[in-house]
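Thank you for sending this model; my remarks follow as numbered points, to be read alongside the structure itself.

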Amino acid sequence: MKMRVPALLLFLLGVISLSSCSLFGGHGGSDISPTTGWAYNDPDNGGFEVAEYNEQTTGPGLVLIEGGRFTMGRTQQDVMFDWNNQPRTVTLSSFYMDEHEIRNVDYREYLYWTRRVYKSYPEVYQKALPDTLVWRRRLAYNDPYVEYYFRHPAYHFYPVVGVSWNQANEYAAWRSDRVNEQLLIDEGILDIDPNQADENNFNTDAYLAGQYQGAVRKGMPSLDPNQDERPVRWEDGILLPKYRLPTEAEWEFAALALIGNSFDSPERIMSGRLYPWNGHFHRNPDKKNRGLFMANFQRGRGDMMGVAGYLNDKGAVPAQVDAYWPNDYGLYCMAGNVNEWVLDVYRPRSSIDVEGFRPYRGNIFEKKKMNPDGTLAEKDSLGHIRREKVTDEESADRYNYTRADNRNYLDGDLQSSISNDYLAGDNKEGSDRMYYQGKTEKHLGATTLVNDHARVYKGGGWRDRAYWLSPGTRRFLDEDKSRDDIGFRCAMIRVGSPTGNK
């Protein structure tokens with residue numbers, strides 16, 4: 001005779017089974033280590049803490065870009081004959097990108113904070129100022145933009161220009177700290193402290209290293225039996241990774257937004273793209289907006305915005321950052337308006353010598369500076385943790401890299417040189433024979449603009465012709481230079497699952 005298990009009993013067994021599943025991986029119970037059998041989050045056995053984590057919070061201004069494989073590089077005829085971006089297949093992990101370019105009002109907020117906090121170091125504020133003189137032209141009357149474009153409220157929401165690659169990176173670092181400081185305030189860990197000054201200001205690395213405390217409202221409850229409260233740690237999952245410039249591959253992937261032409265199950269992209277939108281035209285095909293330009297660019301010599309009475313792109317200079325239609329990731333102005341800095345050092349051979357996963361050229365590996373006794377060095381006068389380049393001696397025995405500075409690796413270093421000097425053993429550090437700039441007895445008259453400080457910018461701007469609107473095109477400028485048609489937006493790594501909380 002078969003025994004029937006009551007439905008209620010089956011339900012209770014299911015509940016018990018579910019309750020025994022781990023919140024930290026499904027092994028060994030919700031608060032028991034599957035490798036040692038010791039309990040997590042138990043003050044009686046020492047208080048090792050494991051925080052429950054529900055995926056990365058999307059930082060202010062960011063959009064999640066789900067990564068994957070794509071064909072990076074040229075998608076149209078190389079009319080410039082640069083041969084510097086041959087198509088190749090690469091894969092990117094998921095990341096975040098700013099919905100739009102950094103605006104004048106955003107950058108002025110940064111300047112205001114810098115001047116208010118670094119009272120003893122006015123040079124920091126001066127160094128951060130954008131170069132408004134980029135508007136001047138020898139045969140044009142642009143001086144009003146020198147005075148008004150960055151400061152006047154009419155241009156609050158227009159993209160900031162005149163900012164160098166170096167300045168853009170400093171802004172991204174500052175933004176990281178302000179966002180993390182606000183997260184700690186929202187969690188009730190810190191109180192707002194408007195009296196921060198000089199080195200006594202919130203810096204994420206300094207806070208995590210215990211070299212900045214801030215206006216503590218309450219600490220995190222500690223399960224360590226020897227302390228009641230503690231500062232926030234990375235392991236708590238509250239703080240966000242750093243804002244930064246996107247890599248060239250990330251920027252191009254986000255601009256193309258091929259997710260709009262893909263289907264999940266067969267992993268197939270139905271059609272590629274020449275621009276951040278479908279088709280080879282520059283006008284909107286929708287019935288409601290038919291004929292309007294999709295981006296702000298120069299249609300022909302001297303034709304910047306159309307004819308009075310029916311201005312087309314309405315952008316004689318940069319337009320508002322959300323003035324045109326977003327692409328399929330929801331990103332505005334990934335073509336036209338202003339070009340945008342990316343993280344990479346420029347090399348023509350970047351399309352050949354490239355990693356297949358998260359490609360990037362520009363690594364200079366660093367470490368936190370330590371005292372002779374092994375303790376962390378004191379933060380600098382601006383409140384930042386001191387860093388230094390990893391020595392070649394420390395890298396010599398590694399299999400994945402053998403030196404700290406890899407900007408010219410396989411494209412400008414001695415290994416890629418055909419000079420006999422390399423065979424003769426002339427191995428001076430920093431040599432870049434392929435792109436040598438200057439004159440010596442060995443290199444009479446040699447000159448080039450390509451060097452380890454040349455940075456890529458992409459996207460096309462209000463001064464550019466339609467060719468440069470294609471995400472596959474690329475140009476470069478020295479990292480300490482700026483122009484009236486180059487701005488930037490920030491990115492952030494996605495940690496954890498690639499798809500987020502769907």
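1. Which side chain meets that of aspartate 464 in a salt bridge? In this predicted model, the partner of aspartate 464 is arginine 475, with 2.8 Å from N to O. Because aspartate 464 lies in the loop between β14 and β15 while arginine 475 belongs to strand β15, the pair ties together parts that are 11 residues apart in sequence. Both aspartate 464 and arginine 475 are buried.

2. Arginine 475 also has a place in the strand pairing, as the bridge partner of tyrosine 457. Strands β14 (residues 454-458) and β15 pair in the antiparallel sense over 4 bridges.

3. Glutamate 49 and arginine 230 meet at 2.9 Å, N to O, and the pair links distant parts of the chain, since glutamate 49 sits in the loop between α1 (7-19) and β1 and arginine 230 in strand β6 (residues 229-230), 181 residues apart. Arginine 230 is buried, with a relative accessible area of 5%. Arginine 103 forms a salt bridge with aspartate 106, the closest N and O atoms being 2.9 Å apart, and aspartate 106 is buried with a relative accessible area of 12%.

4. Aspartate 106 is also among the residues in contact with tyrosine 171, whose other contacts, leaving aside neighbours within four places in sequence, include Tyr107 and Phe488. Tyr171, Tyr107 and Phe488, together with Trp341, touch the most other members of the largest nonpolar core, which has 32 residues. The elements giving two or more residues to this core are α2 (104-117), α3 (122-128), α5 (165-186) and β11 (339-345), and α5 gives the most, with 6 residues. A second, separate core of 26 residues includes Phe253, Tyr435, Val450 and Ala454.

5. Finally, an open sheet of 3 strands runs in the order β1-β4-β17 with antiparallel pairing, its edge strands being β1 (62-65) and β17 (491-493). Neighbouring strands of this sheet are turned by 25° against each other on average, direction ignored. Helix α7 (residues 248-256) packs on the sheet and touches β1, β4 and β17, with its direction making about 75° with that of β4. Between β4 (residues 95-98) and β17 there are 3 bridges, and tyrosine 96 stands opposite methionine 492 in β17.

How values were computed: Residues numbered from 1 in each chain as written. Predicted model: local features only at pLDDT ≥ 70, side-chain atom pairs only at ≥ 80, totals over all residues. Heavy atoms only, no water. Pairing = 2+ DSSP bridges. Axes fitted to C-alpha atoms, helices over the stretch in contact; angles between N-to-C directions. Contact = heavy atoms within 4.5 Å. Core = buried A, V, L, I, M, F, W, Y, C linked by side-chain atoms within 4.5 Å. Buried < 20%, exposed > 50% of the residue type's maximum accessible area, 1.4 Å probe, protein only. Salt bridge = Lys/Arg side-chain N within 4 Å of Asp/Glu carboxyl O.
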